[in-house]
Amino acid sequence: MEGTNPVNKKLAAALSGGAVLVLALTGCGGGDDNDKLDSWAKQVCDAVQPQAKKIEAANAAIQKETSDNSKPEEVRATDSKAFQDMSDAYKAMGAAVRKAGAPDVEDGEKKQKDAVRELDGLSSAYASLKKQVDALDTKDQAKFADGLKDVAAELNKLSRTGSNALKTLEEGDVGRAMAKQASCQSASASPTAN
């Protein structure tokens with residue numbers, strides 16, 4: 001068996017784009033005092049942080065698996081679990097934003113609904129990527145590589161269509177309120193190696 005297929009590298013590169021989506025959920029900058037908004041931001045940040053960590057861990061697992069000379073079965077198992085974890089994490093984020101209600105800002109309700117729709121969409125997208133990976137033929141290396149290529153292409157699309165609604169949700173006061181939360185600050189820090 002040859003070394004790592006270059007397709008694996010493409011998959012790893014596409015995945016690092018997906019991590020950007022998580023960071024869209026973390027604000028930056030100082031801010032004014034608005035207790036209602038601060039408490040909304042704390043609720044969202046506290047719920048989102050463990051999910052962001054889960055997504056980072058899933059990304060890291062795929063990066064590691066694709067950089068080793070792993071067997072197709074190992075790559076498939078790792079990718080499948082990682083996509084499931086990502087799907088679950090985005091679903092949980094969507095639920096957290098839904099549960100928090102609309103932030104106390106102009107158009108807060110629309111921004112919240114759009115962000116929830118986006119997070120739920122990401123959850124579904126990763127669930128379908130998991131199905132795609134589960135169906136890959138690991139017996140035939142060429143077929144497997146082609147299948148991974150398709151997965152990488154889907155991931156690329158995902159990382160590009162990404163997080164517009166999340167960015168909109170976090171503009172202005174909402175972003176400032178989130179930036180004050182310790183849990184959002186740590187969610188946006190670079191992931192530490194375990």
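Biologist: What should I keep in mind about the model and its numbering?

Modeller: This is a predicted model, where local features need pLDDT of at least 70 and side-chain atom pairs count only at pLDDT 80 or more, while totals for chains, interfaces and linings use all residues. Residues are numbered from 1 along each chain as its sequence is written, and side-chain values use heavy atoms, with hydrogens and water left out.

Biologist: Which elements does the protein have, and what makes a helix count?

Modeller: A helix is a DSSP run of H or I with at least four residues, a strand a run of E with at least two, and numbering starts at the N terminus. The protein has eight helices and zero strands.

Biologist: Why is α3 called roughly antiparallel to α4?

Modeller: Helix α3 (residues 72-100) and helix α4 (residues 108-134) pack at an angle of about 165 degrees, with axes 8 Å apart. Angles under 35 degrees count as roughly parallel, over 145 as roughly antiparallel, 65 to 115 as roughly perpendicular, and the rest as oblique. That makes α3 roughly antiparallel to α4. The residues of their contact divide into 13 nonpolar, six polar and seven charged. Nonpolar here covers Ala, Val, Leu, Ile, Met, Phe, Trp, Tyr, Cys and Pro; charged covers Asp, Glu, Lys and Arg; the others, Gly among them, are polar.

Biologist: How do you know that the span of α3 agrees with its 29 residues?

Modeller: The expected span is 1.5 Å times one less than the number of residues. For α3 that gives 42 Å, and its end C-alpha atoms are 42 Å apart, so the two agree.

Biologist: What makes C45 and C184 a disulfide?

Modeller: A disulfide is a pair of cysteine sulfur atoms within 2.5 Å, and the S to S distance from C45 to C184 is 2.0 Å. By this rule the count comes to one disulfide. C45 lies in helix α2 (residues 35-67) and C184 in helix α8 (residues 182-188), so the pair ties together parts 139 residues apart in sequence.

Biologist: Why is that disulfide called left-handed?

Modeller: The torsion about its S-S bond is about -90 degrees, so the disulfide is left-handed.

Biologist: Is C45 buried or exposed?

Modeller: Buried means under 20% relative accessible area, exposed over 50%, and partly exposed in between (1.4 Å probe, protein chains only). C45 is at 1%, so it counts as buried. C184 is buried too, with a relative accessible area of 1%.

Definitions and conventions:
Axes fitted to C-alpha atoms, helices over the stretch in contact; angles between N-to-C directions.
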